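Reader: Please show the model, and then let us discuss the grounds for the terms applied to it.

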Amino acid sequence: MTRFALKSLLGRKFRTVLTALAIVLGVAMISGTYVLTDTIDRAFSSIFADSYAGTDVVVSGKAADISVDFESPPVPPIDASLLEDIRGADSVEIAMGGIYDESNTKIIGDNGKALSTNGAPSFGFGLDTAPELSRFNPLNLLEGRWPSGDGEVVVDAGTADREDFVVGESIEISTLRPKQDFEVVGIAQYGDVKSLGTATFAIFDVSTAQALFDRAGKFDAISIAGTEGTTPEQLIGAIQPLLPKDAQVKTGAEEAQNDQDDIATFTTFIRYFLLAFAGIALLVGSFVIFNTLSITVAQRTREFATLRTLGASRRQVLRSVLLEAFVIGFLASLIGLVLGLALAKGLEALFRALGLGLPVSETVFATRTVVVSLLVGTLITVIAGLFPAIRATRVPPIAAVREGAELPKGRSARFTPYIALVLIAVALLLLGYSMFADDVGTAQRLLSIAGGVLLLFVGVAMISSKLVRPLAAVVGLPARAIGGAPGALARRNAIRNPGRTAATAAALMIGVALVAFVATLANGMKASNREAIEDQIAADFIITSQDGYTPFVAGAGDAAAGAEGTDVVTHVRSEIAEIAGHGGYLTGIDPNRITEGYSFDWVEGSDATLASMGRDGMIVGENFAEDHDLAVGQRVTIQTGTSTSLEAEIAGIYKPPPFYPLLGAASITIGAFDELVERPRNQYTFVNVPGDPGEAARDELERATAGYPDAKVQTRQEWIDKEDAEFDQFLVMLYVLLALSVIISLFGMVNTLVLSVFERTRELGMLRAVGMTRRQARRMIRHESVITALIGAALGLPLGIFLAVLVTRALGEFDVRFSVPTTQLVVLVVLSVIVGLLAAITPARRAAKLNPLEALHYE
Amino acid sequence: MSTENGTVVVARDVTRRYGEGETAVDALRGVSVEVPRGRLTAVMGPSGSGKSTLMHIMAGLDTPTSGSVTIAGTEITTLKDSDLTKLRRRHIGFVFQFFNLLPMLTAEENITLPLAIAGEKPEAGYFDELISSVGLGDRLSHRPSELSGGQQQRVAIARALVSRPDVVFADEPTGNLDSSTGAEILELLRHSVEELGQTIVMVTHESRAAAIADRVLYLADGLIVKELQGATQSEISETMDEIARV
Ligand SMILES: Nc1ncnc2c1ncn2[C@@H]1O[C@H](COP(=O)(O)OP(=O)(O)OP(=O)(O)O)[C@@H](O)[C@H]1O
Ligand SMILES: [Mg+2]
């Protein structure tokens, strides 16, 4: 019987391969995701391990433990004098003080702009490169020498490669100071990490770095190695007493682990994000498998009946079908697993194309990747094959002697529509619960959304066989008009086995629904986004960093203030802080000028409130105030990363557009901000000019900020357009990832059509015998395919829009609009037609190739 | 495994009604048959007389509306599916009009399939004898699509005989073959009764085919109307004509 199952697969190679493809892609996505995220993890962990490889313990400033959106506030520096104390301490063999900056160093590329790291760090280090201290240096010199004295720098190999920097070349770098010329004296690599993604590195000598980063007489960290036989713990014991209360000491391993943990939350996020798409692909794939196996089982009714007359038990029939599914699933998973290695590269390229370059090391192919990929792929195939297998067992032996015996309907077939309705009802309840119930944990919420959407798809797919007839009547109209007799036949063919057409269409339905959902939701979000920005911004020009979201050095804003011909220049400082005990963004504003650039929608207070705001005054956004029960007049503590804090009184509450607030949860005066935050940075600098904002004004601003190439000057309109464009880019990524599911459903359609053509060999031969031309036969299959695709679109579009309505409502507090993106949806329908046409190519060719005579003899 | 009097299959007062109410068809209206061991029993009758229905019921493929059927002493009309499956493995063989070979298996694999299903190995001596008597020679490794109709039916007969069942049922085994190929197949069936001691029940409407039988039963309108023993082809066809005239 095992042989029988295996031979059945071999006897249907083309079909088996098509069926397997449905799973291959989903599994490749799983495997690719794991490979990519593991590789990124490994790259980071080797970066961190290298960073602390020769370091037993590290002394640094004490930072408050605050984290918002994967980011923590910068760590304050320590006094340089500590180094001598430490060097003199017991058990200390050697120690080095260094400057480590993650964000203010901007290397300027050929185009005169700062190299964009797209959110990745732009490191600037000050390292003591004396040979005896090399153990503390995480970098390996590939070429040239280490820097010594002003005006010398070593850059990382990745950046040098991308920008064609060579040793001896002079490049410009801006730091907290305006850009200066530096000579590239060497090129280095971080440990053995090939690429750091979009991150950049510039290494200076210590005193140069101290000057560039406002660290005169300070270090960011002191790295220490103990004498032979001292444990890191003993070393900590020896050093702890020497430290002031704003400094701390940790083991190198601990630091590496901390850094690693921070990154792990980020890679975990990427991993689940991508796995969600793998899940969708596999869901679509399981529909395809289910459908293909159902059709094959139906076509083999007589075979199974014969087996039964030869003494095969129901269990044996069940096992043989499941074994086929198992083999398909396992082989497909195996191929998918390997394909995942290539897909990981593709995903990395996709991210890089979107500006999210990530560091990459040697490809990591973990056992977990193998196990999960094989297990999930095989299991899903077997589960999808379970129902067809059960149906195969229902074939009675007498079917072996009945001409044209059909697969008996499942016992539950009668109840299918009711089961479908129940599923849909449960799905709606789950979705409603997940979106509108209060007090639900995020994990629980996400699970019930996923469960709800899954059930909804299954429910709609189950009931869709009832909708095939009416839908085919409508979407088949053009086929009839264009296709003539073959078109009319195509429509009949589409409805003659509604269950099959429905299942085929369902696979496409899922893809279409998800694309329609994303398109509709995104359209609403874009509208909200645009409105939010338009409502808030009153300034003529906005200065941001090149990437638009990382804050930039305050010096750049100050430089803009020096531009000629400006009316008002006002800055918005930004940093992560703890406000009344809750992590959030703290912004610093100039109370007297901010209203020239930013429009407040006051809940309590007015623009006049700002004028009376003193050093200890603050204003908060309404949502933050509501979430944490804050009221005007209340005094709250603001704690920043440095150990300083401020008691501030709430002077006013305003209502920021929830979708895109430009200011932080709380805002204080710039004066107070600069006392709280060391080396403050601007999120925006707003500039108003007299009269219309024209090219002359822009040129003047650009000239003024020329020393800070990270500063980007945009008019209000340009900035708004750019925000839109960025959103579009994110959408493109979602579409690319969803395309995978659509491709899988395409295979499903090819599969079904090939099987139908095969099944109708005799009939097609008859049609050809009575005068249907090859061309007409091709056209008939093509129309049938397009009709099926359109049924999928007709089911998917409303479903996607419905889900978008639901989510829009759930996101009501964020003011997300509901707006149907007509153009995109029309494109989606056109794409469905194209998918239909593509799916029909091979089957139509097969149908046209049939020789009428042979087809009639076909048994 | 036969009953003492050498009867393999016993059908008693079997009726079979298809459908309900006004459109109901009584395909069998009280048929009793005993199939003797080691003999070839032919069932004849006009089209629609109930031949196939009777055979399906005797073979346990269909259940009678009333009456009983025993095979090798076991009452099969009340058997559970799993027990019936076991019974098929050891006691029943089938030969179909349309061969019903599995297209992806070779001739040899098709022949041994019943053993594979039952998890048994072919007995060397018997298997070789069987293969030589069906005369497939070098075609054993071919797929059904590479064999002629006659060869395919030979494979099917070998498959029915391979587990040495108590009884082989054949419904129009020559119905899909030309007359000379059909004659060879009939010879093979006769041979298996004589040389291998098989018991065969064959449904046919050709008197030429029925002529190889030891006994011919005539069905008309759901009843057995006549029985001949060791009759010649002309006697058989005369009787057939008589019945048709009634
Ligand atoms: N599945 C069925 N449903 C309804 N009626 C049936 C069914 N099978 C057979 N019949 C009817 O029962 C009667 C006997 O049919 P059966 O197939 O046994 O005849 P037969 O003698 O084998 O005929 P033939 O020589 O044409 O094969 C016929 O009237 C037939 O129409
Ligand atoms: Mg018949």
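Author: Of the 246 residues of chain B in this predicted model, 53% count as buried, that is, under 20% relative accessible area with a 1.4 Å probe, protein chains only. The model being predicted, local features need pLDDT of at least 70 and side-chain atom pairs 80 or more, while totals for chains, interfaces and linings use all residues. Side-chain values use heavy atoms, without hydrogens and water; residues are numbered from 1 along each chain as written, chains being lettered from A and ligands numbered from 1 in the order written.

Reader: How do you know that the radius of gyration of chain B agrees with a compact globule?

Author: The rule, 2.2 Å times the number of residues to the power 0.38, is applied over C-alpha atoms. For 246 residues a compact globule would have a value near 18 Å, and chain B has 18 Å, so the two agree.

Reader: What makes B:Asp81 and A:Arg314 a salt bridge?

Author: The term requires a side-chain nitrogen of Lys or Arg within 4 Å of a carboxyl oxygen of Asp or Glu. The side chains of B:Asp81 and A:Arg314 meet at 3.7 Å, N to O. Between chain B and chain A the count is three salt bridges.

Reader: How many residues of chain B are in contact with chain A?

Author: With contact meaning heavy atoms within 4.5 Å, 22 residues of chain B are in contact with 22 residues of chain A.

Reader: What area is buried between chain B and chain A?

Author: The accessible area (1.4 Å probe) lost on putting the two together, summed over both, is about 2,200 Å², and carbon and sulfur atoms give 61% of that area.

Key. Buried < 20%, exposed > 50% of the residue type's maximum accessible area, 1.4 Å probe, protein only.
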